[in-house]
Amino acid sequence: MRSINQCGIKGFEAWLREKVRVTNRSEKIEKYIAQQRVIYLTQIEEVKKQIEGLRAVLGMGSGYTFEVSRVLDELGIKVVWALAWHYDKKYENGDVPPSIKYLLDNNIDFETSVADQQNYEVMNICRIRQFN
């Protein structure tokens, strides 16, 4: 199964649910996730308070660019521009990549450049977005 990467809250929980589904151990997973949320959500909310208002420009390979964008959105960091070396809006079988589908389904929108991410390109984007 193709799904979002296991990074972030939603990614980790989706990965865990799929893992136990495949191994026929689903009956206990929701209780486990609820127990773990008590531990980690409080800590994550504290971190979110400290990073509130931050914006980001990302430049990575396409898989990580769009996965990390999703995780930063979970943390409340606004991605204003994402650079990727390539962009596959559909797999060879016609499916939209899970990371892109997640961004589309959750209305997470930002500017995107598909290029080789040379320093001058990134500096111009930061200048445009006033990251001085």
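Which residue does the side chain of R17 meet in a salt bridge?

Modeller: The structure is a predicted model. In it, the side chain of R17 meets that of E13 in a salt bridge, at 3.9 Å from N to O. The distance counts because the limit for a salt bridge is 4 Å. R17 and E13 are four residues apart in helix 1, so about one helical turn separates them. The two partners can be described by their accessibility: E13 is buried, with a relative accessible area of 4%, whereas R17 is partly exposed at 31%.

E13 also takes part in a salt bridge with R37, where the N to O distance is 2.7 Å. This second pair links distant parts of the chain, since R37 belongs to helix 2 (residues 29-51) and E13 to helix 1, 24 residues apart. R37 is partly exposed, with 35% relative accessibility. E13, R17 and R37 belong, together with E30, to a network of salt bridges. The structure holds nine salt bridges. One of them joins K49 and E46, at 3.2 Å from N to O; these residues are three apart in helix 2, and therefore about one helical turn separates them. K49 is exposed, with a relative accessible area of 57%, while E46 is partly exposed at 39%.

Helix 1, which spans residues 8-22, also holds F12 and W15, three residues apart and separated by about one helical turn. Two aromatic pairs are counted in the model. In the pair of F12 and W15, the ring centres are 5.7 Å apart and the planes stand at 35°, so the pair is tilted. F12 is partly exposed, with a relative accessible area of 33%, and W15 is partly exposed with a value of 33%.

On the helix 1 side, G8, I9, K10 and G11 meet R70, V71 and E74 of helix 3. By class, this contact has two nonpolar, two polar and three charged residues.

Conventions
Residues are numbered from 1 along each chain as its sequence is written. This is a predicted model: local features need pLDDT of at least 70, side-chain atom pairs count only at pLDDT 80 or more; totals for chains, interfaces and linings use all residues. Side-chain values use heavy atoms; hydrogens and water are left out. Rings of Phe, Tyr and Trp (its six-membered ring) pair if their centres lie within 6.5 Å; planes under 30 degrees apart count as stacked, over 60 as edge-to-face and the rest as tilted. Helices (H or I, at least four residues) and strands (E, at least two) are DSSP runs, numbered from the N terminus. Buried means under 20% relative accessible area, exposed over 50%, partly exposed in between (1.4 Å probe, protein chains only). Contact means heavy atoms within 4.5 Å. Ala, Val, Leu, Ile, Met, Phe, Trp, Tyr, Cys and Pro count as nonpolar, Asp, Glu, Lys and Arg as charged, and the others, Gly among them, as polar.
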